[in-house]
Amino acid sequence: MIYKIKEAAAKAKLAPHTLRYYEEERLLPNVKRDKNGYRIYTEDDLSWIEVISCLRDANVSITDLKEMMNLSKGDKEVLSERIDILEGHQKKLQKQQEELKKTEEMVTIKINHLKQLENMDLSSLNKQKLC
C-alpha cells in the first residue's frame, strides 16, 4: 500500500513536518515521489518510521540515529557497533535516572520539612530556614 504524507504521518502518529525532517536528516533516504513530486510512503517506510519514533521516544539523538541507520544497511559485522551505540545511550539513561532519583529524594525531604512547618507557630516561620 502507498500513503501520502498526511496519511503516513497519521498512521505513525507524527506531524507531517516530522516526516519531512526525518527525510531531510537522511533518516528516511528512500522516500519516493509520485509524478507530481509528492512524497509517497510504503509499508517499508512506515516500518522505518516506527523504529525511528521508538528510538526518539527513548531520547536517542539524531546523530546516533543516523549512525544506526547507516549501520543497519550493513551485514552482521556491524551489529556490534549498533549495540555499542545503544549501550552508550543506556548508560546515559541510567545516569539520568540516578539524578532524577536524587532530585525526587530532595523534593520529598522539602515536602516533609514544609509539612512540619505547618504544625509550628507561624510567628516562628520567619526564623526557620526553608532549605
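A salt bridge here means a side-chain nitrogen of Lys or Arg within 4 Å of a carboxyl oxygen of Asp or Glu. By this rule, this predicted model has 4 salt bridges.

Q: Why is the pair Glu-23 and Arg-39 called a salt bridge?
A: Their closest N and O atoms are 2.4 Å apart, and the cut-off is 4 Å, so the pair counts. Glu-23 sits in helix α2 and Arg-39 in strand β3, so the pair ties together parts that are 16 residues apart in sequence.

Q: What makes Glu-25 and Lys-66 a salt bridge?
A: The N to O distance is 2.7 Å, and the rule asks for within 4 Å, so this pair passes too. Glu-25 is in the loop between α2 and β2, while Lys-66 belongs to helix α4, so parts 41 residues apart in sequence get tied together.

Q: How do you know whether Lys-66 is buried, partly exposed or exposed?
A: Its relative accessibility is 30%. Buried is under 20% and exposed is over 50%, so Lys-66 counts as partly exposed.

Q: What makes Lys-101 and Glu-104 a salt bridge?
A: Their side chains meet at 3.6 Å, N to O, and that is within 4 Å, so they qualify. Both lie in helix α5, 3 residues apart, which means about one helical turn separates them.

Conventions. Residues numbered from 1 in each chain as written. Predicted model: local features only at pLDDT ≥ 70, side-chain atom pairs only at ≥ 80, totals over all residues. Heavy atoms only, no water. Helix = DSSP H or I, 4+ residues; strand = E, 2+ residues; numbered from the N terminus. Buried < 20%, exposed > 50% of the residue type's maximum accessible area, 1.4 Å probe, protein only.
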